[in-house]
Amino acid sequence: MQPRNMSMSGVVDLAAVKAAQEAKAKAEQTRAEAARQGGAGAVSPADLVIDVDEAGFERDVLQRSAEVPVVIDFWAEWCQPCKQLSPVLERLAVEYNGRVVLAKIDVDANQMLMQQFGVQGIPAVFAVVAGQALPLFQGAAGEQQIRETLDQLVQVAEQRFGLTGLTVDPDAEPGGAAPQEMPAGPYDALLEAAVQALDAGDLAGAVQAYKNVLSDDPGNTEARLGLGQAELLQRVQGMDPQRVREEAAGKPGDVDAQIAAADLDLVGGHVDDAFGRLIDTVRRTAGDDRDAVRRRLLELFEVVGPEDPRVVAARRALARALF
């Protein structure tokens with residue numbers, strides 16, 4: 001089952017549409033409902049490392065991520081680096097004693113999940129926190145690096161979303177604390193319609209669905225970010241990629257040409273190229289032209305997701321270019 005907020009339309013990563021405000025509210029709703037029903041109860045150490053497939057992804061990862069950060073290990077039996085990394089992740093998941101849960105996904109058996117996360121090679125490690133997908137690292141990593149990454153993840157989960165993790169009881173029976181169903185929010189039907197429209201290639205329908213939410217709730221972060229992504233896809237829909245790139249190469253000072261090429265870069269998955277192109281253009285321009293480039297760059301940051309390390313690095317580069 002494809003999770004609602006992890007749609008991949010074309011090659012643009014639409015996983016980050018669930019932003020902090022909406023996700024935190026949903027996480028709080030889920031915890032409140034669990035408390036009303038008597039609490040989720042303690043889990044056993046065996047529940048901290050789980051095998052996940054496409055059928056159970058929403059229950060075991062998305063819903064669980066409203067209680068605790070879920071670290072995802074994409075692996076395969078034939079992958080030798082995976083055989084080195086996975087045991088370390090499993091040991092640390094138990095050692096962190098309920099502050100994280102490790103979900104292991106066999107890419108050979110779950111190709112759709114691999115594609116939805118945009119995994120290019122394995123091992124690849126992601127996290128899902130309150131419904132938001134965050135890339136952690138790809139390839140082999142040392143234990144100290146993994147610990148530092150997990151520490152940062154736990155800190156973000158607690159400070160931004162109030163996720164304090166699970167209670168672990170060594171004597172508890174495995175599988176004794178199933179995640180609660182996440183309550184539906186007031187705009188879930190409209191947001192679901194927007195994602196379905198994206199998946200169907202109906203960009204105008206997706207734009208309108210997001211605008212319908214924003215007309216009633218202008219502060220809805222998910223709708224605002226989703227609208228930006230749908231409008232990006234609309235902008236590039238009628239472009240001639242070869243012509244756009246030739247114009248950008250031949251006219252480095254043409255702001256419109258560089259902005260159009262950056263949109264194409266992002267849709268093609270060349271995130272660093274898109275950001276670098278616009279940052280270079282900021283350095284070469286001034287006044288209204290510079291402001292137009294800066295605004296588009298900030299829009300593209302939102303499309304990729306504010307927690308993405310490429311966005312963090314590009315924000316620093318933009319600040320240096322501006323000041």
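The largest nonpolar core in this predicted model has 46 residues, and those with the most contacts inside it are Y210, L266 and F275. Eight helices are named as suppliers of at least two residues each to this core, namely α6 (188–199), α7 (203–216), α8 (221–237), α9 (241–250), α10, α11 (271–284), α12 (287–304) and α13 (309–322). The largest share, eight residues, comes from α10. Apart from this core lies another one, of 30 residues, among them I50, V61, A103 and F126. In soluble globular proteins, nonpolar side chains tend to be buried together.

**Helix α10**

- Helix α10 covers residues 255–267, which makes 13 residues, and its span of 19 Å from the first C-alpha to the last is close to the 18 Å expected at 1.5 Å a residue.
- Twelve of the 13 residues of α10 are buried, so the helix is mostly covered, where buried means under 20% relative accessible area.
- Just after α10 comes G269, which takes a positive phi of about 85°.

**Residues packed among the helices**

- Y210, one of the residues with the most contacts inside the largest core, touches L191, A194, V195, L198, E222, A223, G226, L227 and A230, when residues up to four places away in sequence are not counted.
- V213 is placed in helix α7, and it counts as buried because its relative accessibility is 0%.
- With neighbours within four places in sequence left aside, V213 is in contact with Y187, L190, L191, N220 and A223.
- V213 and D188 are 25 residues apart along the chain, while their C-alpha atoms are separated by 9.5 Å.
- T281 is found in helix α11, and it is buried, with a relative accessible area of 1%.

**Backbone features in the loops**

- Most residues other than glycine have a negative phi, and most peptide bonds are trans.
- N97, in the loop between α3 (80–95) and β5 (101–106), has a phi near 55°, which is a positive value in a residue other than glycine.
- N97 counts as partly exposed, because its relative accessibility is 47%.
- A130, in the loop between β6 and β7 (132–138), has a positive phi of about 50° although it is not a glycine.
- A130 is buried, with a relative accessible area of 4%.
- A cis peptide bond, with omega of about 0°, joins I122 and P123, and P123 lies in the loop between α4 (111–116) and β6 (124–129).

**Confidence of the prediction**

- The protein averages a pLDDT of 82, and 83% of the residues score at least 70.
- Over residues 1–24 the pLDDT stays under 50, and for this stretch the model has 83 contacts beyond four places in sequence.

Methods:
Residues are numbered from 1 along each chain as its sequence is written. This is a predicted model: local features need pLDDT of at least 70, side-chain atom pairs count only at pLDDT 80 or more; totals for chains, interfaces and linings use all residues. Side-chain values use heavy atoms; hydrogens and water are left out. Helices (H or I, at least four residues) and strands (E, at least two) are DSSP runs, numbered from the N terminus. The expected span of a helix is 1.5 Å times one less than its number of residues. Buried means under 20% relative accessible area, exposed over 50%, partly exposed in between (1.4 Å probe, protein chains only). A nonpolar core is a set of buried Ala, Val, Leu, Ile, Met, Phe, Trp, Tyr and Cys residues joined through side-chain atoms within 4.5 Å. Contact means heavy atoms within 4.5 Å. pLDDT is the predictor's confidence in each residue, from 0 to 100.
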